[in-house]
Amino acid sequence: MIEANQLRKVFDGFVAVEDVSVSVGAGEVLAVLGPNGAGKTTTVRMMTSILVPTSGTCKIAGFNVVTHAAEVRGHVGVLTEQHGLYERMKALEYLDFFGRIYRIDRDTLKKEALRLMERFDLIEALDRRIGDYSKGMKQKLSLVRALIHNPPVLLLDEPTSAMDPQSAKLVRDAIIELQKDKRTFLITTHNLAEAQVLANQIAIIRRGRIVARGTFDDLLRRFVGEPMMELRVNGSLDGAVEAAAGLVTVKEHGDGWLRFVTRQPERDNPALLAKLIGLGVEVVTLAPITQTLEDVYLNVVNEDEADERIQRIAE
Amino acid sequence: MNGFNASLSNALLITRREVRDSFRDWRILGPIIIMTFFFPYIANVLAGRMIDFVNYYGGGVISTRAIPFLLMVVGFFPVSLSLVIALETFVGEKERRSLEPLLSTPLTNWELYVGKTLAAMIPPLLASLGGMGIYLLFVVGGSAAWRPQAILVVQIAVLTLVQTLVMVAGSVVVSSQTTSVRAANLLASFILVPMAIVLQAEAAIVFVAPDFNSPTGVAFLWMMMIGMFVVAVLLLRMGAAIFNREELLGRAIDSINPKRIGRGIWRNFLAVDDAGNIAHSVREVYARAVPYSLRRLRPMIWVGVAAFIGAFAFGFIVGLTPGYQPTLPSDLMTIEGIQKLQLSERFIDPSYRESVIRGVYYLHLRHIFLGIALGMISFGVAPLILMPLMVGSLGYGTAILMANGITTAPIWVAAIPHLLLNVPVLIIMTVAGFRIGALVTKLPPNMTIGQAWSQALGDALKLGVFVGVPVLTLTYVIELLVLSPLVSAVVAG
């Protein structure tokens with residue numbers, strides 16, 4: 001549904017996006033992470049045919065973003081970074097305006113608008129002017145606008161940034177539901193936990209380039225390493241480190257704890273426990289350390305920053 | 001629904017939404033109500049006082065003309081509001097961040113542009129026509145008992161409509177090319193100043209027109225209407241042509257980088273191909289750079305040829321039209337006649353001959369570069385008038401001489417270098433100047449207005465410097481060293 005190949009965008013000599021290639025199939029969610037100014041919004045704008053790529057190709061729902069701009073725009077729902085609503089209008093009037101641009105007949109449009117307003121807990125605010133909505137409500141209404149024409153592809157720029165936890169969960173649930181309905185999502189976000197929950201694929205973009213891409217597990221392995229286990233004992237380790245070293249790779253240890261990695265926890269963990277018990281070590285817990293997307297993100301960004309520094313020195 | 005109807009229906013969706021939004025804003029609605037209902041009342045009172053005053057001093061004609069003048073004023077005041085609405089039509093939405101969702105829809109550029117332009121026009125125009133209607137009720141049904149020529153009222157109403165169109169078209173262009181409402185307001189003076197001049201001219205015409213009571217209306221007002229309508233159409237075309245989704249969210253004309261502009265023009269001045277390569281030697285300029293620019297002008301060359309032929313034909317026809325023919329002395333082309341005019345002495349005098357030839361040389365040079373400069377600010381119309389004007393006067397002169405039975409053959413012989421060398425060059429330069437201004441009404445594909453202007457200006461300067469100046473200089477030298485002594489010898493007998 002989204003096929004971008006070596007997308008590049010240059011503004012007056014400034015390279016905003018360089019060599020961005022992504023492929024997102026039906027029912028998949030790609031989360032694009034990156035610092036402010038990394039090129040996320042520019043990428044989304046190229047995918048909605050607002051910006052023309054300087055080079056490279058991109059197809060959305062099978063339509064080329066340069067040669068079939070109107071068709072592309074007809075097949076995507078876009079949630080922009082700033083919600084940008086017409087504040088003097090009421091919600092139904094607003095949705096009617098956008099729905100009619102997409103040539104949806106009045107009855108269907110009204111039904112769909114009411115259904116979505118209900119789905120996103122906005123039905124109570126139908127008769128209020130949009131200007132009177134809270135920030136989170138405005139963002140939800142923008143999302144309803146993006147969904148009103150039932151698009152197969154959704155490009156969402158920071159979909160839950162202004163929402164309270166309850167509303168954010170509502171939106172996440174809606175995304176998961178739509179994903180089951182074979183919709184394709186590209187989500188840009190700073191909320192790493194959200195990306196970890198929603199995304200099948202994650203791309204980290206920095207200075208216009210994708211510096212890491214893959215599933216969460218892939219990225220974890222590549223940038224954080226194998227899953228780490230933590231063993232906590234009652235008292236001192238007393239030979240436990242040496243005993244563990246024969247079975248697993250000990251990474252670090254301290255007073256009453258040690259951390260190790262193993263490729264085969266099913267085989268090694270019981271063996272290690274048996275050995276330690278044999279040594280008289282009182283094991284309190286043995287558990288995997290939770291690794292998050294934040295660890296991946298920070299490692300990727302730090303690695304890229306280091307590369308950048310080396311490159312600058314070389315120049 | 002066919003393509004056009006579907007597009008129009010989409011454009012009207014935007015218009016409806018924006019007009020509704022305007023009427024919800026008390027800051028727009030308030031002035032509209034005041035200007036529609038209250039201002040005509042004031043104008044009527046003012047007209048009554050003025051009529052009494054000028055009649056007291058026997059100035060009846062002034063009072064007759066004050067009423068339509070005030071009708072124009074009543075119509076214009078609400079129209080000035082269109083400027084405010086139109087100036088913020090794109091840039092205002094951009095500042096409120098509501099533009100991007102709209103740009104992400106399947107609406108075409110044309111639909112967005114037309115929809116928004118109409119939306120900026122309708123509320124002020126309704127107020128204007130409403131105000132004029134109320135004022136007319138006052139002056140026709142009230143104590144003034146004005147009984148105007150219907151055509152005059154129609155003229156003023158149409159004039160108001162066209163003024164609105166011009167102001168809105170110009171403001172929407174500004175609005176779609178700036179980054180902030182503040183910048184748009186500052187640039188509004190480029191619309192307000194010419195409109196203020198036009199309004200003063202209209203007022204003067206209404207007061208002094210000799211054909212005020214003509215059954216076909218005041219001729220000058222028709223001319224102004226047509227002129228403004230042409231400008232409005234050109235502005236609308238220009239606006240639609242340079243309207244660009246990408247640039248709306250990106251750059252703007254309120255930040256000008258002279259260095260970058262200069263570099264762009266310089267590269268185009270020496271460009272030899274579309275890849276941006278430039279000429280590095282004079283030989284390369286003539287072998288590659290000049291033909292490259294000429295190729296681009298080739299599809300438009302007929303415009304220049306038509307302008308020159310048309311101008312000559314027009315001048316010639318006017319010259320043959322009775323009433324436009326001055327009678328020349330019958331002995332003008334006889335030796336005695338020439339002697340009487342002391343022409344022979346002048347032609348024998350080399351410094352006089354040289355000054356005439358130099359004068360023509362400098363005139364052509366001025367026209368070349370003036371055409372380029374004026375082309376930019378006149379939608380390309382100025383070069384089409386400037387250089388063909390000379391040809392038109394030549395046609396007129398030829399007709400006058402022929403009408404007086406004077407043979408023109410010697411003149412044509414003397415003009416051979418001009419015909420063979422200068423005329424083609426001047427046609428090329430006319431087209432180059434025309435292109436600079438006209439391109440804003442239809443941009444080349446995949447080019448921004450800045451890129452297109454830079455290319456057209458680079459081409460025009462290249463052709464002016466490397467073709468225009470050398471060819472005109474060559475003609476100057478031939479005329480000075482060969483033709484001038486020859487003519488002098490013939491005249492001297």
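In which helices of chain B is confidence lowest and highest? In this predicted model, local features need pLDDT of at least 70 and side-chain atom pairs count only at pLDDT 80 or more, while totals for chains, interfaces and linings use all residues. Residues are numbered from 1 along each chain as its sequence is written, and chains are lettered from A and ligands numbered from 1 in the order in which they are written. Confidence is expressed as pLDDT, the predictor's score for each residue from 0 to 100. Within chain B, the lowest mean, 57, belongs to helix 15 (residues 335-340) of chain B, and the highest, 93, to helix 13 (residues 282-297) of chain B. Where pLDDT is low, the predicted coordinates should not be read in detail. Chain B has a mean pLDDT of 84, with 93% of its residues at 70 or more. For the complex, the predictor reports an ipTM of 0.81 and a pTM of 0.73.

Helices and strands are DSSP runs numbered from the N terminus (helices: H or I, at least four residues; strands: E, at least two). By this assignment chain B contains 21 helices and zero strands. Its C-alpha atoms fill a box of roughly 85 × 70 × 40 Å along the principal axes. A residue is termed buried if 20 or more other C-beta atoms lie within 10 Å of its own, exposed if 12 or fewer, and partly exposed in between, with C-beta atoms placed from the backbone. Of the 493 residues in chain B, 38% are buried. Two residues are in contact if their C-beta atoms, placed from the backbone, lie within 7 Å. Among the contacts in chain B with a separation of 6 or more, 83% join residues 24 or more positions apart. B:Arg298, in the loop between helix 13 and helix 14 (301-320) of chain B, is exposed because 11 other C-beta atoms lie within 10 Å.

Chain A includes an open sheet of four strands in the order 2-1-4-5, with antiparallel pairing; strands are taken to pair if DSSP finds at least two bridges between them. Its edges are strand 2 (14-24) and strand 5 (63-64) of chain A, each of which pairs on one side only. Five bridges link strand 1 (residues 2-11) and strand 4 (residues 55-60) of chain A in the antiparallel sense. In strand 4 of chain A, A:Lys59 stands opposite A:Glu3. Helix 1 (residues 40-47) of chain A packs on the sheet and touches strand 1, strand 2 and strand 4 of chain A; its direction makes about 115° with that of strand 1 of chain A (axes are lines fitted to C-alpha atoms, for helices over the stretch in contact, and angles run from 0 to 180 degrees between N-to-C directions).

Positive phi values occur at residues other than glycine. A:Ala61, in the loop between strand 4 and strand 5 of chain A, has a phi near 50° and is partly exposed, with 18 other C-beta atoms within 10 Å. A:Glu158, in the loop between strand 7 (153-157) and helix 6 (165-180) of chain A, also has a positive phi near 50°, but counts as buried because it has 20 C-beta neighbours inside 10 Å.

At the interface, 20 residues of chain A are in contact with 21 residues of chain B. Helix 2 (69-75) and helix 3 of chain A are the elements that give two or more residues to the chain A side, and helix 3 of chain A gives the largest share, four residues. The chain A side divides into 11 nonpolar, five polar and four charged residues (nonpolar: Ala, Val, Leu, Ile, Met, Phe, Trp, Tyr, Cys and Pro; charged: Asp, Glu, Lys and Arg; polar: the others, Gly among them). A:Phe97, located in helix 3 (residues 91-101) of chain A, is partly exposed, with 19 other C-beta atoms within 10 Å. Leaving out residues up to four places away in sequence, A:Phe97 touches B:Leu13 and B:Arg17. The buried residues of helix 3 of chain A, including A:Tyr94, A:Leu95 and A:Phe98, pack against helix 4 (106-119) and helix 5 (135-147) of chain A together with helix 1 (3-24) of chain B.

A nonpolar core is a set of buried Ala, Val, Leu, Ile, Met, Phe, Trp, Tyr and Cys residues joined through C-beta atoms within 7 Å. In the largest such core, of 183 residues, A:Leu30, A:Ala31 and A:Leu186 touch the most other members. Helix 3 (residues 60-87) of chain B contributes the largest share of this core, 15 residues. Apart from this core lies another of 11 residues, among them A:Met229 and A:Leu237.
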